[in-house]
Amino acid sequence: MVGKLKPHEVLLLARRRAGDGQARAARRHGVSLYRYRRWETGGELDGIPRPRLGRILTHERCLIARLRAGLTVVQFAWVAGVSRWWLIRMEAGEVPATRLLAAWSRRASRGRPTSSKRGRRST
């Protein structure tokens, strides 16, 4: 589902594991919130911290896959057949990500729906 992580994805996962918001993470790294956001979205890589994560967990792989696919929480919740609230909880690792894995499996077997069509395939 997800290959090697990019530096900005590692930074995102490290922040989420620490339970920090972007503002707190920016203060911890001694940069502005604007710069931290550019780091985390991949818009800037100069000076980006490179934390070590260890093993990437299933729910983290699902989050990275959704972000790489360009799908919003609402769009992928529709694809997975869950509410936005449940999707957020699954991507946070608070509940098992079984439904997300099933949705990614279905998506891979049918082809990639476009993000602008709320998860429906283009014709």
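Contact is taken here to mean heavy atoms within 4.5 Å. The structure is a predicted model, in which local features need pLDDT of at least 70 and side-chain atom pairs count only at pLDDT 80 or more, while totals for chains, interfaces and linings use all residues. Residues are numbered from 1 along each chain as its sequence is written, and side-chain values use heavy atoms, with hydrogens and water left out.

The secondary structure comprises seven helices and zero strands, where helices (H or I, at least four residues) and strands (E, at least two) are DSSP runs numbered from the N terminus. Along the sequence the pattern is α-α-α-α-α-α-α. Of the 123 residues in the protein, 38% are buried; buried denotes under 20% relative accessible area, exposed over 50%, and partly exposed the range in between (1.4 Å probe, protein chains only). Among contacts with a separation of 6 or more, 60% are made by residues 24 or more positions apart.

The largest nonpolar core contains 25 residues, a nonpolar core being a set of buried Ala, Val, Leu, Ile, Met, Phe, Trp, Tyr and Cys residues joined through side-chain atoms within 4.5 Å. Within this core, the residues with the most contacts are Leu5, Leu13, Phe76, Leu100 and Trp104. At least two of its residues come from each of helix 1, helix 4 (58–69), helix 5, helix 6 (84–91) and helix 7. The greatest contribution, five residues, is that of helix 4. Another core, of seven residues, lies apart from it and includes Leu11, Val31, Tyr36 and Ile48.

Helix 5 has Gln75, Phe76, Ala77, Val79 and Ala80 as its buried residues, and these pack against helix 4, helix 6 and helix 7. The helix is followed by Gly81, with a positive phi near 75°. In helix 6, the buried residues are Leu87, Met90 and Glu91. These residues lie on the same side of helix 6, because they cover an arc of only 95° around the axis, the arc being that of the directions from the helix axis to the C-beta atoms. The packing partners of the buried residues of helix 6 are helix 1, helix 4, helix 5 and helix 7. Just after helix 6, Gly93 adopts a positive phi of about 85°.

A pair of aromatic rings is described by the distance of the centres and the angle of the planes. Three aromatic pairs are found in a search of the whole structure; rings of Phe, Tyr and Trp (its six-membered ring) pair if their centres lie within 6.5 Å, with planes under 30 degrees apart counted as stacked, over 60 as edge-to-face and the rest as tilted. One of these pairs, Phe76 and Trp104, is stacked, at 4.5 Å centre to centre and 25° between the planes. This pair links distant parts of the chain, 28 residues apart, with Phe76 in helix 5 (residues 73–80) and Trp104 in helix 7 (residues 98–110). Phe76 counts as buried, at 1% relative accessibility, as does Trp104 at 10%. The rings of Trp85 and Trp86 form an edge-to-face pair, because their centres are 5.1 Å apart and their planes stand at 80°. Trp86 is partly exposed, with a relative accessible area of 37%. Over the ring of Trp86 sits the charged end of Arg89, 4.9 Å from the ring centre; this description requires NZ of Lys or CZ of Arg within 6 Å of the ring centre and within 35 degrees of the ring normal.

Trp39 is located in helix 3 and is buried, at 2% relative accessibility. Leaving aside neighbours within four places in sequence, Trp39 contacts His8, Leu11, His29, Val31, Glu44, Asp46, Gly47, Ile48 and Pro49. A polar atom of the Trp39 side chain lies 3.1 Å from the backbone oxygen of Asp46. The C-alpha atoms of Trp39 and Glu9, 30 residues apart in sequence, are 9.3 Å apart in space.

Two arginines may also be described. Arg15, in helix 1 (residues 7–18), counts as buried at 13% relative accessibility. Beyond neighbours within four places in sequence, Arg15 is in contact with Asp20, Gly21, Gln22, Ala25, Tyr36 and Glu40. Arg37, in helix 3 (residues 33–41), is partly exposed, with a relative accessible area of 43%. A distance of 9.0 Å separates the C-alpha atoms of Arg37 and Ala23, which are 14 residues apart along the chain.

Notes:
A polar contact is a pair of N or O atoms within 3.5 Å; within protein, one must be able to donate a hydrogen and the other to accept it, and residues adjacent in sequence count only if both atoms are side-chain atoms.
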